[in-house]
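Dear colleague,

I am handing over the structure we spoke about, placed just below, and after it you will find my notes on what came out of the analysis. Please read them with the coordinates open beside you.

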There are 4 protein chains.
Amino acid sequence: MQLGMIGLGRMGASLVRRLTKDGHHCVVYDVIPAAVKKVAGRGVRGSASIDELIAKLAKPRAVWVMVPAGVAGKTIEKLAACMDAGDIIIDGGNSYYRDDVLRAKTLKKSGIHYVDCGTSGGVFGLERGYCLMIGGEKRIVKHLDPIFRSIAPGVTVAPRTPGKQGTPSPAEHGYLHCGPTGAGHFVKMVHNGIEYGLMAAYAEGLNILRNANAGKRGRETDAETAPLRDAEYYQYDLDLPQITEVWRRGSVIGSWLLDLTASSLLNDPRLEDYAGRVSDSGEGRWTIAAALDEAVPVPVLSAALYERFSSRDGADFANRVLSAMRKQFGGHDEKKKGER
Amino acid sequence: MQLGMIGLGRMGASLVRRLTKDGHHCVVYDVIPAAVKKVAGRGVRGSASIDELIAKLAKPRAVWVMVPAGVAGKTIEKLAACMDAGDIIIDGGNSYYRDDVLRAKTLKKSGIHYVDCGTSGGVFGLERGYCLMIGGEKRIVKHLDPIFRSIAPGVTVAPRTPGKQGTPSPAEHGYLHCGPTGAGHFVKMVHNGIEYGLMAAYAEGLNILRNANAGKRGRETDAETAPLRDAEYYQYDLDLPQITEVWRRGSVIGSWLLDLTASSLLNDPRLEDYAGRVSDSGEGRWTIAAALDEAVPVPVLSAALYERFSSRDGADFANRVLSAMRKQFGGHDEKKKGER
Amino acid sequence: MQLGMIGLGRMGASLVRRLTKDGHHCVVYDVIPAAVKKVAGRGVRGSASIDELIAKLAKPRAVWVMVPAGVAGKTIEKLAACMDAGDIIIDGGNSYYRDDVLRAKTLKKSGIHYVDCGTSGGVFGLERGYCLMIGGEKRIVKHLDPIFRSIAPGVTVAPRTPGKQGTPSPAEHGYLHCGPTGAGHFVKMVHNGIEYGLMAAYAEGLNILRNANAGKRGRETDAETAPLRDAEYYQYDLDLPQITEVWRRGSVIGSWLLDLTASSLLNDPRLEDYAGRVSDSGEGRWTIAAALDEAVPVPVLSAALYERFSSRDGADFANRVLSAMRKQFGGHDEKKKGER
Amino acid sequence: MQLGMIGLGRMGASLVRRLTKDGHHCVVYDVIPAAVKKVAGRGVRGSASIDELIAKLAKPRAVWVMVPAGVAGKTIEKLAACMDAGDIIIDGGNSYYRDDVLRAKTLKKSGIHYVDCGTSGGVFGLERGYCLMIGGEKRIVKHLDPIFRSIAPGVTVAPRTPGKQGTPSPAEHGYLHCGPTGAGHFVKMVHNGIEYGLMAAYAEGLNILRNANAGKRGRETDAETAPLRDAEYYQYDLDLPQITEVWRRGSVIGSWLLDLTASSLLNDPRLEDYAGRVSDSGEGRWTIAAALDEAVPVPVLSAALYERFSSRDGADFANRVLSAMRKQFGGHDEKKKGER
């Protein structure tokens with residue numbers, strides 16, 4: 001079938017490739033003309049503007065928007081202005097699910113259908129396929145089924161869950177209609193919240209392993225510093241590339257994120273290419289906000305997010321408050337950089 | 001080669017099976033005679049006591065101890081008392097790595113070699129193989145290589161990490177000599193710490209999804225209760241079995257633990273078989289203790305452990321302190337069970 | 001000066017008393033007529049409706065609203081409908097500061113001034129005075145200064161901060177104009193967030209002390225249970241009422257919350273009057289939400305809030321997910337209630 | 001009565017002053033002769049060695065050791081070697097309570113009594129008095145009562161807890177015999193754990209207030225960065241010195257730590273004197289370790305400690321792991337220093 005694609009970054013371009021490989025036709029647009037040029041070709045027609053893209057699509061049109069969350073709203077507005085009743089907009093980016101609800105309501109007035117589609121897979125999606133979490137009207141989502149099926153990874157990439165029988169469900173292909181508008185991005189949001197937690201669990205564990213030789217380093221003995229009581233138990237120089245590798249087979253903690261970590265450590269065992277300033281894209285925060293509204297405790301997911309804030313110096317003032325207090329009640333001076 | 005096995009529970013029995021399938025010979029013992037009987041057969045000779053087991057093994061003997069952490073110490077003592085210089089004890093259980101260091105020192109006096117081997121894989125290890133994290137003397141670990149190789153999952157169970165070349169390393173087979181005595185259990189300990197974190201990340205995320213219909217439930221409005229401001233955004237009845245299934249393909253958070261979760265939810269979508277009292281086997285605590293010694297922050301791993309403590313009513317008195325304070329300064333009465 | 005007061009619960013009634021003691025005149029109203037009756041008397045005129053209250057006040061009127069957060073919005077709407085340009089509404093409750101911003105904007109159209117005033121002090125405020133955190137227009141807040149001064153505790157209740165000189169500032173009296181509309185409730189919101197953190201710190205610490213006799217209790221030894229390694233170090237039966245008492249003098253952790261805790265423990269050393277279901281009134285959640293927006297890490301404040309969620313069974317489903325996973329990979333059965 | 005004092009740092013010197021003011025006689029020693037000279041005078045005899053100190057004391061001798069935790073063990077050993085049966089050693093420092101238990105056992109063989117005394121009060125103790133948490137034999141602690149009473153703050157420094165009647169108990173004077181050997185330092189340890197939690201609660205809250213103007217700062221809009229959705233609600237420039245001052249009167253969060261914080265902020269409103277590298281002296285770690293042994297959840301106390309670890313770059317490697325993962329699956333590059 002035919003699909004418009006707006007946004008030809010890493011993910012947009014890969015989606016187009018997966019679609020055309022399955023025989024779908026795409027009409028594409030990006031604010032950067034070179035991106036359009038790069039993608040255009042067999043089964044793909046480029047366009048120089050949203051108007052042009054709309055003109056090249058047959059009604060009822062379906063257009064997938066794959067742009068950064070910060071500009072999704074405006075892009076969709078512009079797009080909708082060119083569309084007709086019966087057309088469909090799919091937001092495949094990381095929009096806040098509440099924005100979906102508001103947008104769908106607005107678009108409904110013009111008879112335009114809105115589908116929110118959380119898309120997971122990162123840079124590997126081109127070959128691995130993308131996991132799709134979809135929200136919107138049943139009939140519309142059904143109509144787009146061939147599109148979703150081509151983008152999704154397919155049944156074979158994972159062993160069947162014991163107990164599953166008969167024709168594989170869409171979920172077993174790697175795409176799922178989660179519920180009404182916003183449900184797709186809600187599930188994707190929580191997916192990302194979990195992702196933060198998983199990543200942090202590995203990172204903290206590897207940090208412990210990395211410092212298993214703490215007993216070899218000297219430590220000062222003064223009133224300020226907690227002495228390491230049991231230095232003899234911290235004499236291990238552990239090989240993290242090998243350890244992450246061995247965990248990939250047979251362990252309880254095997255995962256795709258571990259596979260990637262093993263790969264990173266193989267190429268850069270001490271990760272000296274990184275400074276450790278870790279961004280967050282907003283979905284982790286929204287996940288916590290949802291938990292707050294639901295009164296669901298999420299200490300792990302929160303801690304994972306806060307580590308990122310701290311890595312970007314977000315705790316600086318709080319730490320200075322602590323130092324000021326310690327100076328006040330105990331006369332303690334701060335240690336210098338490098339001392340621990 | 002020949003191996004003694006003490007402890008024929010779930011894991012011990014499976015190890016024996018994997019070994020004999022590869023042509024190794026096992027002499028086995030368990031405190032429960034029926035367990036011995038069940039395992040004995042082709043390639044496996046049972047014994048009614050440790051003495052008998054020792055008698056049936058050729059020197060230098062190698063005996064794998066696979067018993068609960070609580071009795072490992074005594075079992076190893078008893079075993080050592082029957083052994084000769086040059087013999088080898090492998091502790092495959094979840095011993096504290098510091099006990100390994102102490103035991104190895106003691107055994108060394110009698111010329112007995114001690115190998116600590118963290119063994120991950122759970123009840124699926126029989127078919128999947130076990131991930132082995134090994135500590136001890138280089139020469140002794142080398143000597144036991146055929147044993148480890150048979151127990152480990154083997155190269156094919158995971159795609160090769162990009163960049164790896166040549167003959168697969170032991171780590172790529174699923175076993176690794178991590179370092180001197182204790183290093184194996186140290187790495188296994190952190191493995192379990194990470195496991196707690198991963199599990200908690202999924203559990204918290206699923207809890208948020210489960211409560212995505214919070215807006216449908218009424219909530220009281222009084223000075224005590226935070227009203228749900230945005231009930232219209234919490235109207236989703238999400239299908240957790242389907243969601244965990246869809247995440248298994250193409251998503252960033254795919255893992256073996258997720259596979260198992262999808263399987264659990266398929267059979268019992270609301271998990272009504274469980275009350276939610278979650279045990280911990282000690283390794284999570286030791287992981288935190290190591291982080292404390294190393295001054296490595298582990299908020300995620302700690303939070304995961306504390307959730308287990310709380311699930312077993314460990315926070316009860318603290319919560320009562322909070323209620324008492326609230327009563328004091330605000331005159332607040334506690335809500336009844338069932339109210340939130 | 002003259003002030004209207006709507007809401008005569010614990011706090012509203014106390015405010016009126018502090019005001020009349022200083023010679024101010026109050027016109028009061030509450031949805032419960034008996035509450036009006038109870039407060040009316042010297043310097044206090046009751047009224048049976050908001051209309052009547054408005055009629056009894058001289059222009060420009062100033063009316064303090066002291067009602068639960070859940071009904072503040074509607075009360076203020078009703079009140080504003082009866083008011084004239086130049087009148088002032090003070091919201092002294094726990095409103096969300098964003099609602100302040102919206103309300104002030106709406107009221108401005110009718111020329112009505114809005115002041116948000118976070119009020120801390122609890123049931124002890126009548127005698128101790130209330131700490132006031134105020135937001136709104138400079139001129140209006142200035143106009144109300146005599147009111148705030150009478151409600152606040154006054155300079156003498158705390159020793160002067162070293163370095164302060166000259167005439168005590170309003171902050172030293174216990175009230176502060178924090179900034180434009182919303183600033184008062186923003187500061188009060190964070191005040192409550194901190195309160196949760198302080199309370200949790202004491203509660204957790206006391207819980208550790210309470211369990212310092214853990215070594216005296218037996219613990220099972222099986223594969224499921226972490227054995228207590230060092231039972232000999234947990235043999236203390238500590239006297240919590242005495243310990244909280246001793247901390248009140250000279251220690252670093254002295255505070256008003258500690259005073260209250262000592263008082264609670266004196267009367268009920270094991271806190272058996274409480275079940276430990278701890279409510280939260282919303283301000284803790286908003287505090288976290290603000291931190292998320294600001295990218296400020298708040299692990300302590302979050303953990304404190306999540307403990308309350310957990311105390312009200314908010315973690316139940318998450319815990320069942322953990323149990324289901326443990327059953328899957330390890331065949332572990334849950335412990336029964338009472339077992340730890 | 002007569003007391004020996006070893007260690008004349010901030011705290012040791014102040015103890016001596018409080019004791020002599022009450023008419024006690026002290027014999028003092030410090031490794032730094034100048035410290036001895038400074039303290040010696042009316043009621044205080046200096047000595048140049050431990051031997052000399054011992055010689056100057058009448059039997060049964062009582063010697064208070066007030067040295068950094070790292071050297072306490074050796075000092076006590078040396079001291080004990082010079083003592084006779086019936087003599088008493090008081091460890092007033094921050095020793096680990098388990099060391100108390102071991103030391104007391106050893107000293108008992110020589111008939112020497114050992115008293116552990118947690119001493120809280122910081123640099124203000126000279127005037128405020130010290131809060132004393134004491135462990136040891138009943139008879140010996142009783143014998144030292146006059147010493148403890150002189151060091152403690154006394155009844156008048158806090159209002160009496162409602163319900164207390166009759167002659168004030170020692171706890172109301174500010175000292176308490178908590179239980180057998182180690183109980184004093186156990187209670188002091190938890191005291192410090194709570195202290196960390198309280199400090200962190202204030203620090204996090206103040207950090208939120210500090211960043212309440214986040215909406216005024218620009219923020220980039222790209223796929224990497226979570227945009228601030230509601231910039232209009234983060235326009236407050238709050239005055240932290242004034243806010244901490246106002247909280248000192250009538251609020252729920254008043255405390256001595258808050259008094260100190262207000263004082264710090266008055267002198268240095270942006271705390272530019274500090275870099276925010278926050279040490280920990282070990283007691284926080286031991287507190288967590290005790291909670292782990294007792295299976296008591298302490299998310300707040302742990303988070304507080306971990307913030308200190310992070311402030312000293314303890315999370316660096318973990319953060320680099322996160323960056324490496326993000327690069328792998330999403331092709332994300334790290335933000336530069338200064339970008340958030």
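Arg248(B) counts as buried, because its relative accessibility is 9% and the cut-off for that class is under 20%. Please keep in mind here, and for everything that follows, that this is a predicted model. Arg248(B) forms a salt bridge with Asp259(B), and the closest N and O atoms of that pair are 2.8 Å apart.

Arg312(B) is found in the loop between helix 14 (299–311) and helix 15 (316–330) of chain B, and with 2% relative accessibility Arg312(B) is classed as buried. Its side chain reaches the backbone oxygen of Val278(B) at 3.0 Å, and the side chain of Arg312(B) also makes a polar contact with the side chain of Asp280(B), at 2.9 Å. In chain C, Asp280(C) takes part in a salt bridge with Arg285(C), where the closest N and O atoms are 2.7 Å apart, and both of these residues are buried.

Over all chains, the count comes to 84 salt bridges. One of them joins the side chains of Arg103(A) and Asp91(A), at 3.0 Å from N to O. Arg103(A) lies in helix 5 (residues 97–108) of chain A and Asp91(A) in strand 5 (residues 88–91) of chain A, so this pair ties together parts that are 12 residues apart in sequence. Arg103(A) is buried with a relative accessible area of 15%, and Asp91(A) is buried as well, with a value of 0%. Also in chain A, a network of salt bridges links Lys59(A), Arg61(A), Asp84(A) and Asp87(A).

Turning to how the chains are arranged, I would begin with chains A and B. A rotation of 180°, with 0.0 Å of shift along its axis, superposes chain A on chain B with an RMSD of 0.0 Å. The two copies are therefore related as by a two-fold rotation axis. Among the residues of chain A, the one that comes closest to this rotation axis is Ser255(A), whose C-alpha lies at 1.9 Å from the axis.

How many residues does each side bring to the contact between chain A and chain B? There are 95 residues of chain A in contact with 95 residues of chain B, and because 100% of the interface residues of chain A are also interface residues in chain B, the copies meet through the same surface. The area buried between chain A and chain B is about 8,000 Å², and carbon and sulfur atoms give 66% of that area. Between these chains the count is two salt bridges; Asp230(A) forms a salt bridge with Arg98(B), the closest N and O atoms being 3.1 Å apart. The interface of chain A and chain B also has 34 residue pairs in polar contact. On the side of chain A that touches chain B, helix 10 (residues 183–210) of chain A gives the most, with 17 residues, and the residues of that side divide into 56 nonpolar, 23 polar and 16 charged.

Chain D can be laid on chain A by a turn of 180° and a shift of 0.0 Å along the axis, with an RMSD of 0.0 Å. This contact takes 78 residues from chain D and 78 residues from chain A, and about 6,800 Å² is buried between them, of which carbon and sulfur atoms give 59%. Two salt bridges are found across the interface of chain D and chain A; Arg229(D) forms a salt bridge with Asp99(A), with the closest N and O atoms 2.8 Å apart. There are also 21 residue pairs in polar contact across the interface of chain D and chain A. Helix 15 of chain D gives the most to the side of chain D that touches chain A, with 14 residues, and by class that side has 29 nonpolar, 22 polar and 27 charged residues.

With best regards

Definitions and conventions
Residues numbered from 1 in each chain as written. Chains lettered and ligands numbered in written order. Predicted model: local features only at pLDDT ≥ 70, side-chain atom pairs only at ≥ 80, totals over all residues. Heavy atoms only, no water. Least-squares fit on C-alpha atoms with pLDDT ≥ 70 in both. Contact = heavy atoms within 4.5 Å. Buried area = accessible area lost by both parts, 1.4 Å probe. Salt bridge = Lys/Arg side-chain N within 4 Å of Asp/Glu carboxyl O. Polar contact = N/O pair within 3.5 Å; in protein donor to acceptor, adjacent residues only side chain to side chain. Helix = DSSP H or I, 4+ residues; strand = E, 2+ residues; numbered from the N terminus. Nonpolar A, V, L, I, M, F, W, Y, C, P; charged D, E, K, R; others polar. Buried < 20%, exposed > 50% of the residue type's maximum accessible area, 1.4 Å probe, protein only.
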